[in-house]
Amino acid sequence: MATILDQIQADTKDAMRARDTESTTALRMLASSIKNREIELRRPLTDDDITSLLSTEAKKRREAAQAYRTGERIELAEKEERELAIIQKYLPAQLSDEEAAEIVAQTIAEVGAESKKDMARVMGAVMPKLKGVYDGSKVKDLVMQKLS
């Protein structure tokens, strides 16, 4: 079974053969980020580590695209969104808001949370379940909704 890094490297070669410079650049950036993280940790990354890194990269692209749109730099926002689409190919399928809300509700029941005072316990229990499959910045809002 090929790892995520192997797949990225194979896709980079395919993009180079197709002379797709934008994809090649984005894929090389991903491979470079993975290699840099391996050097930093002084060990090979697992697929879970790579998924976490890719989630961070995707979040950076989403935030940058939003900032560019706010600044009316549409061409730069579109470039970030194209890179985001490339990154998302290597991430697990994302949960819908309804599916994430159901997981949050189950976690609140498991933890026995009753009020907003229990927010930290709920967040600590729910984040590992949603990591990589749902936007972490939205989880807090879901938990607040369910606890209010």
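**Notes on the first helix and the overall fold**

1. The expected span is 1.5 Å times one less than the number of residues, and helices (H or I, at least four residues) and strands (E, at least two) are DSSP runs numbered from the N terminus.

2. This is a predicted model, in which local features need pLDDT of at least 70 and side-chain atom pairs count only at pLDDT 80 or more, while totals for chains, interfaces and linings use all residues. Residues are numbered from 1 along each chain as its sequence is written, and side-chain values use heavy atoms, with hydrogens and water left out.

3. In α1, the residues I4, L5, I8, T12 and A15 are buried, where buried means under 20% relative accessible area, exposed over 50% and partly exposed in between (1.4 Å probe, protein chains only). Because they cover an arc of only 95° around the axis, they lie on the same side of α1, the arc being that of the directions from the helix axis to the C-beta atoms.

4. The buried residues of α1 pack against α2 (21-41) and α3 (47-70), with contact meaning heavy atoms within 4.5 Å. Just after α1, R19 takes a positive phi of about 60°.

5. E114 is found in the loop between α5 (97-111) and α6 (119-130), and it counts as exposed because its relative accessibility is 69%.

6. The chain has seven helices and zero strands, and 34% of its 148 residues count as buried.
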